[in-house]
Amino acid sequence: MEPKKFLFTLSHATTNPMEVIGILKIASNMKAFDDSVEVAIFLLGEGVALAKKGVAKAISMEMEGNQVNVGELLDVIKEFDIKFYVCHAFMPHFGVSKDDLIENAEVRSSSYLGELLLGGYTPFSLNI
């Protein structure tokens, strides 16, 4: 049986922590409930800033009475071996270079997003 594949897109970082936290929580929970699913997160627009060392640790907000830190959620993403792609076209505009990237980030072109979709990944994004 073909594994279930999901593609999350994130186009925000510091300007919309609720979207970032929501996506990261959903993606990590999916992997926690079913390790056989393939989950990929593709960063574009401002979202590429999440892949820059130190940025995620500075993003947090209160949810359900607890302070949630994006840097800690990225650690969970790494533990679950969730694929994390950064669109190179947006990197210069947001001051991100290959040398700045967190350990589990992989630079890809925007066309790779289309390849993932054609490869059977179900797209998912949040507009909150």
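Q: Which residues of helix α3 (residues 110–118) are buried?
A: Tyr 112, Leu 113 and Leu 116. Buried means under 20% relative accessible area, with a 1.4 Å probe and protein chains only. Helices are DSSP runs of H or I, at least four residues, and strands are E runs of at least two, numbered from the N terminus.

Q: Where do they sit around α3?
A: They are on the same side, because they cover an arc of only 110 degrees around the axis. The arc is taken from the directions from the helix axis to the C-beta atoms.

Q: What covers them?
A: The cover includes β1, β2, β5 and β6 (105–108). Contact here means heavy atoms within 4.5 Å.

Q: What can I rely on here?
A: This is a predicted model: local features need pLDDT of at least 70, side-chain atom pairs need 80 or more, and totals for chains, interfaces and linings use all residues. Numbering starts from 1 along each chain as its sequence is written, and side-chain values use heavy atoms, without hydrogens or water.

Q: New topic. How many residues are in the largest nonpolar core?
A: It has 34 residues. Leu 24, Ile 41, Leu 43 and Val 70 have the most contacts inside it. Such a core is a set of buried Ala, Val, Leu, Ile, Met, Phe, Trp, Tyr and Cys residues joined through side-chain atoms within 4.5 Å.

Q: Which element gives the most to this core?
A: α1, with 5 residues.

Q: And what does Leu 43 touch?
A: Beyond four places away in sequence, its contacts include Leu 10, Val 48, Phe 84 and Cys 87.

Methods. Buried means under 20% relative accessible area, exposed over 50%, partly exposed in between (1.4 Å probe, protein chains only).
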